[in-house]
Every structure is written in structure tokens, then in C-alpha cells.
Amino acid sequence: MTTEVEYGRYPVARLAVPEWMLKVERLGRVYGPFDDAVIASTGPEVGSSKSALNGAVVAAWDVSFEVAAGEALGLVGESGSGKTTVLRCLAGDVAPSRGEARLRTAAGDVSMFELDPSARRRLRIDTLAVVYQDPAEGLKLNISAGGNIAEPLTAAGWRNFGNIRNRASELLTRTEVPINRMDDLVRGFSGGMKQRVQIAKALANSPSVVLFDEPTTGLDASVAAGVLDLIRSLLEEHRIAAIVVSHDFAVIEMLTSRCLVMQHGRVVENALTDQLLEDPHHPYTQRLVAAARS
């Protein structure tokens, strides 16, 4: 069953998601002072995320969605559309200006934005992981591949060296990183190899939710295809709830079942990925899909 909500002049289907793992409601992030007039002076209808009233940037506003276990939700749009801002708010890298995000954990539902810094760090250790566009954000380049994976394991309470090394070996094998490179410094790895180590590190403590920020940008086409194959198989195997941020519809099509399209900080379309690619409704989505097919 679906309901429709209005974003500007275009209705957007809000699709019901069973047994959500992550639920986001009316998330917003504004850089600078804002009020209702500032919000109204930005968005797709205006053609800008920057307010002409005072220069405030409404990077994201009124973003709502749910993600279930085993489901991957895509956030797509051009640079500056707000998709990465949403992800960074959920990751804890950026503080939201408003909204709520609830995460389902073994101990019950938690309101992510109300947690103190210590609790947020704990959440990033054992429940929610991030794979960044630039592996340098998610890895320590001056330590080994195995050492990077050991970091979240020890933070979660692992103490036996043999068990930690076995877990690192298991994850590197699963992400197709040669075991004979486990003790090599990550800074000497290729871009694709660094991204695979970052994915292995993200999976160290079996998180229930993983956020992917442009996971293949900057990689050669053949390397990117391998990373996408890896991510897709891992999502299916571990029933992870995932958010995939990308400007590339090929990535969104391969990894996601549903997709939100963002423009100037707002969601302008929300649909099943295959339906959106076959019959986009919003003019902005139509332009993106046409450009992707050209």
C-alpha cells in the first residue's frame, strides 16, 4: 500500500516498508540562520538551495524514508542536491537542523539524533557503518589492512589476537583482498583495493545498517564493476539495510530496489527503482534518466 505526499507541484509516492531498520522523518540541514521564509525561498521551484534573503544554504529539507532489513535504498541527484548531506547527518558527521532518525537495534529502537557523542560512537562500532567515497575518510592509511579491521573489533571488546586476525582474514577473503597483503600498509594499495578494505572494515562487527557514499566514484570501470558486484552480494548475503548515495543511475539500478531523487535539498520523486527508470514523473528525474541513457 502506498500514500502520496506533495513535494512542490509533484506528488511523490511514499512506499510502505515492512519491518524497517532505519526510519527517517523530516530530516533537514541548513547552513546559516533560517525561518519559514528562508525555507520557502529555496528548493526546486526556486531553482536554488541558497536563500536570496540571507544567503543560508538549505542543504536538505523535509526528507523522510524507511529502509528494511535486506533492502537497499538509493539517494540520487546531481552534485549539491543534498543526498550526501542526508547520509552525513545519519553517519553523525554533520548535525541535523531538524528531524528524527530511529534505528532498530538488539536493545530496542533508538533516536539517533538524541544520543550523546559516546553513544553515537558506540552505534558506529556495532550497528551502523559507513563506506565513504574517499577511502581515506574510512581507513587509517598508515596502518595495515588487518590493523584497520582490528580497530572496530577491539573497540567492540575483542581481545584475543588470534580471533581478531582470523576475523580480519575472513573479511579480507570475502572482499577479495589477497591475504598476503593483510600486513601491508593501506596507503600502498590501489583505489579499488582500498575501497575493498574499507568495506571489509565496515562489516567487521556485522552492522545491521550500512551507508554507502558514492562507493565507486573515481574507480576505473572494470574495478567499479567488481566493487558493485561485491556490495550487491554482501547486501543479499547479510540482509543489511543499506542506503546508497550516487549521482550514477547505473549504480542505483544495480544495487537498489527503491530510489529517492533529490534536487536543491528536496526529494522530488520516490519510487521503485525499475519503475523510476522506466517512467520517471518529475521533469528533473526525466532529465537525469535521459542523460544516463544517452
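The tour begins with the whole chain and then turns to single elements and residues.

**The whole chain**

This is a predicted model, in which local features need pLDDT of at least 70 and side-chain atom pairs count only at pLDDT 80 or more, while totals for chains, interfaces and linings use all residues. Residues are numbered from 1 along each chain as its sequence is written, and side-chain values use heavy atoms, with hydrogens and water left out.

Along the principal axes, the C-alpha atoms fill a box of roughly 60 × 45 × 40 Å. For 294 residues, a compact globule would have a radius of gyration near 19 Å, and the protein agrees with its 19 Å. That radius is taken over C-alpha atoms, and the globule rule is 2.2 Å times the number of residues to the power 0.38.

Buried residues make up 50% of the 294 residues. Here buried means under 20% relative accessible area, exposed over 50%, and partly exposed in between (1.4 Å probe, protein chains only). Of the contacts with a separation of 6 or more, 68% are accounted for by residues 24 or more positions apart; a contact means heavy atoms within 4.5 Å.

Next, colour by pLDDT, the predictor's confidence in each residue, from 0 to 100. The mean is 91, and 94% of the residues reach 70 or more. Now select residues 1-11, where pLDDT stays under 50. Where pLDDT is low, the predicted coordinates should not be read in detail.

**Helix 8**

Select residues 221-238, which form helix 8.

Which residues of helix 8 are buried? They are Ala 224, Val 227, Leu 228, Leu 230, Ile 231, Leu 234 and Leu 235. These residues cover an arc of only 160° around the axis, so they lie on the same side of helix 8. The arc is that of the directions from the helix axis to the C-beta atoms. An α-helix has 3.6 residues a turn, so residues three or four places apart point the same way.

Turn to the face away from the buried side: the exposed residues Ala 221, Ser 222 and Glu 236 are there.

In helix 9, select Leu 255, which counts as buried because its relative accessibility is 8%. Not counting residues up to four places away in sequence, Leu 255 touches Ala 72, Leu 228, Ile 231, Arg 232 and Val 244.

**Salt bridges**

A salt bridge is a side-chain nitrogen of Lys or Arg within 4 Å of a carboxyl oxygen of Asp or Glu. By this rule the count comes to 18.

Show the side chains of Arg 26 and Asp 62, whose closest N and O atoms are 2.7 Å apart in a salt bridge. Arg 26 lies in strand 3 (residues 20-31) and Asp 62 in strand 4 (residues 57-68), so the pair ties together parts 36 residues apart in sequence.

Move to Glu 151 and Lys 201, which meet in a salt bridge at 3.0 Å, N to O. Since Glu 151 lies in helix 5 (residues 145-155) and Lys 201 in helix 7, this pair ties together parts 50 residues apart in sequence. Is Lys 201 buried or exposed? With a relative accessible area of 16%, Lys 201 is buried.

**Two positive phi angles in loops**

Most residues other than glycine have a negative phi, and most peptide bonds are trans. Select Ser 206, in the loop between helix 7 and strand 9, where phi takes a positive value near 50°. Ser 206 is exposed, with a relative accessible area of 55%.

Finally, select His 264, in the loop between strand 11 (258-263) and strand 12 (266-272). Its phi is also positive, near 50°, and His 264 is partly exposed at 22% relative accessible area.

Definitions and conventions. Helices (H or I, at least four residues) and strands (E, at least two) are DSSP runs, numbered from the N terminus. The expected span of a helix is 1.5 Å times one less than its number of residues.
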